[in-house]
Amino acid sequence: MTKEEYSIKGVSLYEIRNRFEIIVIRLMKQFIPQFPEFDSCPVCIEDVYALALSRMPSIYMKKTQDIPDNKLVNESIEEIVKYAIFQVMSNPKHEKIA
Ligand SMILES: [Zn+2]
């Protein structure tokens with residue numbers, strides 16, 4: 001992974017680490033366009049990333065195990081990322097940008 005692959009719209013998420021990180025980043029890139037009201041500012045993008053990762057405790061595995069690649073898990077991860085985008089969009093940690 002290059003540092004560049006850890007950034008979305010110029011916001012670097014390189015310092016925030018977790019084994020799901022790249023999955024979440026890919027899904028954020030995929031889903032953010034589906035939320036036109038999401039402002040894509042640095043604060044909100046970082047918040048979505050952190051919130052989504054923090055919501056994945058049930059899929060944390062032993063370090064030696066691979067993330068299970070099955071439909072249920074994949075759909076769960078997708079739902080978590082969408083939830084995180086919606087939550088941050090609805091409750092940004094800053095004044096609404098007009
Ligand atoms: Zn924002």
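Reader: What should the 20 residues of α3 span at 1.5 Å a residue, and how far apart are its end C-alpha atoms?
Author: Helices here are DSSP runs of H or I of at least four residues, strands are runs of E of at least two, and both are numbered from the N terminus. The expected span is 1.5 Å times one less than the number of residues, so α3, with 20 residues, should span 28 Å. The end C-alpha atoms of α3 agree, at 28 Å.

Reader: How reliable is the basis, and how is it numbered?
Author: This is a predicted model: local features need pLDDT of at least 70, side-chain atom pairs count only at pLDDT 80 or more, and totals for chains, interfaces and linings use all residues. Residues are numbered from 1 along each chain as its sequence is written.

Reader: Within what arc do the buried residues of α3 fall?
Author: Buried means 20 or more other C-beta atoms within 10 Å of a residue's own, exposed means 12 or fewer, partly exposed lies in between, and C-beta atoms are placed from the backbone. In α3, Ile80, Val81, Ala84, Ile85 and Val88 are buried. They line one face of the helix, because the directions from the helix axis to their C-beta atoms fall within an arc of 130°.

Reader: Which helices are among the cover of the buried residues of α3?
Author: The face turned away from the buried side carries exposed Lys71, Leu72, Glu75, Glu79 and Ser90. Contact means C-beta atoms, placed from the backbone, within 7 Å. The cover of the buried side includes α1 and α2.

Reader: Which elements do the buried residues of α1 pack against?
Author: Val24, Ile25, Leu27 and Met28 are buried in α1. They cover an arc of only 170°, which puts them on the same side of α1. Arg26, Lys29 and Gln30 are exposed on the other side. The buried residues pack against β1 (7-8), α2 and α3.

Note on methods:
Two residues are in contact if their C-beta atoms, placed from the backbone, lie within 7 Å.
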